[in-house]
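Reader: I would like to work through a structure feature by feature. Give me the general idea, then the case at hand.

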Amino acid sequence: MSRERTRRELPPVQEHIDKLKKVVEEGNYYGALQMYKSISARYVTAQRFSEALDILFSGSCLELEHGLVNCGADLALLFVDTLVKAKSPCNDETLDRIRCMFKLFPRVPVPPHLVDVSDDEDVHNLQESLGEARSRVENLTSFLRAAIKWSAEFGGPSTGCPELHAMLADYLYTECPELDMVRISRHFVRAEDPEKFASTLINFMGRCYPGEDDLAIARAVLMYLSMGNMKDANFIMDEVKKQAEAKHPEFSESDLIQFTSYLLETLQRDALPLFNMLRVRYKSCIDREPLLNEVIQRSKHAERERERERERERERERERDLQN
């Protein structure tokens with residue numbers, strides 16, 4: 001069958017949406033999932049991408065509203081795959097649909113890890129809750145990572161849409177049973193929301209083990225610096241210090257925090273030799289986390305590039321003076 005004939009024979013998409021909604025409401029969630037996939041695939045084959053997207057969006061929202069996270073996430077991921085096939089641009093209309101699907105992913109409080117280990121039912125319930133939480137996070141992560149990649153390829157910033165990074169960072173922090181602040185921070189520094197990041201770091205200081213708080217703050221500052229974002233690096237340090245003074249008086253005394261503060265001052269003064277001296281002086285605290293050395297190296301490279309650009313600008317100014 002030719003593609004043109006297929007295009008002509010496909011019925012109006014609303015007929016499928018209404019029919020599949022009834023299947024879902026009757027409780028046949030997995031049967032509906034397969035129908036959503038097969039019917040949307042026919043529209044994709046016919047290059048009727050807009051209608052395929054309508055079907056997948058409708059299906060994802062319905063499945064998620066009924067608590068079927070795996071089914072809803074499958075269709076959400078197919079929705080993004082179809083955006084890529086259609087070469088759909090990153091725009092407000094499509095981001096609105098991604099926001100809608102994101103908001104339907106459940107947020108379920110995970111029970112405390114401290115349970116009566118002698119009670120088999122308690123242990124079983126905890127393990128089950130943690131497994132469900134991990135599954136929700138994995139599903140949401142797959143969907144949003146694909147959306148971030150699509151946005152970077154089709155009109156968004158080269159690192160992906162900041163709002164999508166913010167969504168993923170927030171969900172990872174609030175819903176993941178095992179916090180991975182490195183992963184969370186990588187998305188926050190691309191989210192263009194340093195206020196939210198600062199408040200998250202303050203919250204983390206009240207939840208983490210001793211010695212993890214200064215590491216998380218220093219990592220956040222250095223990640224911003226490695227991206228050449230001096231403004232938000234300074235904001236994070238200033239805001240966290242301001243909010244932490246009352247609750248965590250020992251915070252600013254950490255060697256790692258002192259190093260990070262001195263580093264920010266050094267970079268503002270364009271003092272690359274002092275940068276190297278600080279690395280030697282605070283080597284023991286930097287070595288606590290292998291990632292810090294990697295990020296510091298990127299920060300140093302970014303500073304060298306800024307120094308080269310400043311030198312080029314000075315050279316251009318000298319040339320203009322000579323011409324005048």
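Reader: At what angle do helix α11 and helix α13 pack, and how far apart are their axes?

Author: Note that this is a predicted model. Start with the general idea. Two packed helices are described by the angle between their axes and the distance between the axes. Now the case here. Helix α11 (residues 213-226) and helix α13 (residues 255-268) pack at an angle of about 20°. Their axes are 9 Å apart.

Reader: How are α11 and α13 oriented to each other?

Author: Angles under 35 degrees count as roughly parallel. α11 and α13 are therefore roughly parallel to each other. The crossing of α11 past α13 is left-handed.

Reader: Which residues of α11 and α13 meet?

Author: Again, the general idea comes first. An α-helix has 3.6 residues a turn, so residues three or four places apart point the same way. In this pair, α11 brings Asp214, Leu215, Ile217, Ala218, Val221, Leu222 and Leu225. They meet Leu256, Ile257, Thr260, Leu263, Leu264 and Leu267 in α13.

Reader: What does Ser261 contact, leaving aside its neighbours within four places in sequence?

Author: Ser261 is also in helix α13. Beyond those neighbours, Ser261 is in contact with Met237 and Lys241. Ser261 is buried, at 10% relative accessible area.

Reader: Now a second pair. At what angle do α9 and helix α10 cross?

Author: The axes of α9 and helix α10 (residues 194-205) cross at roughly 165°. They come within 11 Å. Over 145 degrees counts as roughly antiparallel. α9 and α10 are therefore roughly antiparallel to each other. α9 passes α10 in a left-handed crossing. From α9, Met181, Ser185 and Phe188 make the contact. From α10, the residues are Lys196, Phe197, Thr200, Leu201 and Phe204.

Reader: Why is α9 largely enclosed by the rest of the structure?

Author: Count the buried residues. The cut-off for buried is under 20% relative accessible area. Helix α9 spans residues 181-188, and six of its eight residues are buried, so the rest of the structure largely encloses it. The buried ones are Met181, Val182, Ile184, Ser185, His187 and Phe188.

Reader: How many disulfides does a search of the whole structure find?

Author: A disulfide is a covalent bond between the sulfur atoms of two cysteines. The search finds zero here.

Reader: Is Thr174 buried or partly exposed?

Author: Thr174 counts as partly exposed, at 41% relative accessibility. Thr174 lies in helix α8 (residues 162-175). Its side chain reaches the backbone oxygen of Asp170 at 2.9 Å. Thr174 and Arg107 are 67 residues apart in sequence, with 8.1 Å between their C-alpha atoms.

Reader: Which residues does Leu77 touch, not counting those up to four places away in sequence?

Author: Leu77 touches Ser142, Phe143 and Ala146. Leu77 sits in helix α5 (residues 69-86). Leu77 is partly exposed, with a relative accessible area of 28%. Leu77 and Arg145 are 68 residues apart along the chain, and 9.5 Å separates their C-alpha atoms.

How values were computed. Residues numbered from 1 in each chain as written. Predicted model: local features only at pLDDT ≥ 70, side-chain atom pairs only at ≥ 80, totals over all residues. Heavy atoms only, no water. Buried < 20%, exposed > 50% of the residue type's maximum accessible area, 1.4 Å probe, protein only. Helix = DSSP H or I, 4+ residues; strand = E, 2+ residues; numbered from the N terminus. Disulfide = S-S within 2.5 Å. Polar contact = N/O pair within 3.5 Å; in protein donor to acceptor, adjacent residues only side chain to side chain. Axes fitted to C-alpha atoms, helices over the stretch in contact; angles between N-to-C directions. Parallel < 35°, antiparallel > 145°, perpendicular 65-115°, else oblique. Left-handed = near helix turned anticlockwise from the far one by under 90°. Contact = heavy atoms within 4.5 Å.
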